[in-house]
Amino acid sequence: METLGEFLVHAITLEDESAQRFDELADVMEVHHNTEVAGLFKRMAHYSRLHLEDIRKQAEGMTLPHISPWDLKWPNDEAPETVAHEEGHYLMTAYHALRAALRSERTGHAFYANVARETNDPEIRKLASEFAAEEGEHIALLEKWLLKYPPPREGWDDDLDPPAVVD
Ligand code: ZN
């Protein structure tokens, strides 16, 4: 990360995509009538949006650079907190949804921690460390929830009555 603006653009993208991802996971859980986990994901989406607001405030009055999506510096060409789409299996259990959320929170944490470590700019380092700490709290929360939802039995994705595929 060369400039504060560049870092903020990445953080805004990350949190925005994270919020959308949690909304999607909440929808999947609602389809399963798991209102408890749906509620957790809505809360997580809310946290991401609060964070997004904070970051936007930080950026107030600054001219942020325009960075094309393909020029964003993610570790794996994808916003770190974004869950791969195939993970949104319609039979996904709470366990899978929590694992998927945890995986992406971990990559988000690693992204911020890495920026904090690599940058020479003290302001970027300070913010990136704060953001990494925040992701650390999300990770701890998801880990706590996973204790409540153990892995499902083998064959969780065998559907005896599969939905008609309309393509
Ligand atoms: Zn997070």
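Predicted model: local features only at pLDDT ≥ 70, side-chain atom pairs only at ≥ 80, totals over all residues.
View 1. Helix α4 carries both Glu-135 and His-138. The two sit three residues apart, about one turn of the helix. Glu-135 is buried, with a relative accessible area of 0%. His-138 has 7% relative accessibility, so this residue also counts as buried.

**View 2. Thr-119 in the loop between α3 and α4.** Helix α3 covers residues 94-118, and helix α4 covers 122-148. Thr-119 lies in the loop between them. Its relative accessibility is 5%, under the 20% cut-off, so Thr-119 counts as buried. The Thr-119 side chain reaches the backbone nitrogen of Asp-121 at 3.1 Å. Beyond its neighbours within four places in sequence, Thr-119 is in contact with Met-1, Ile-124 and Arg-125.

**View 3. Helix α2 and its buried residues.** Helix α2 spans residues 35-58, 24 residues in total. From first C-alpha to last, α2 reaches 34 Å. That is close to the 34 Å expected at 1.5 Å a residue. Its buried residues are Val-37, Ala-38, Leu-40, Phe-41, Met-44, Ala-45, Ser-48, His-51, Leu-52 and Ile-55. The cover over these buried residues includes α1 (4-31), α3 and α4.

How values were computed
Residues numbered from 1 in each chain as written. Heavy atoms only, no water. Helix = DSSP H or I, 4+ residues; strand = E, 2+ residues; numbered from the N terminus. Buried < 20%, exposed > 50% of the residue type's maximum accessible area, 1.4 Å probe, protein only. Polar contact = N/O pair within 3.5 Å; in protein donor to acceptor, adjacent residues only side chain to side chain. Contact = heavy atoms within 4.5 Å. Expected span 1.5 Å × (residues − 1).
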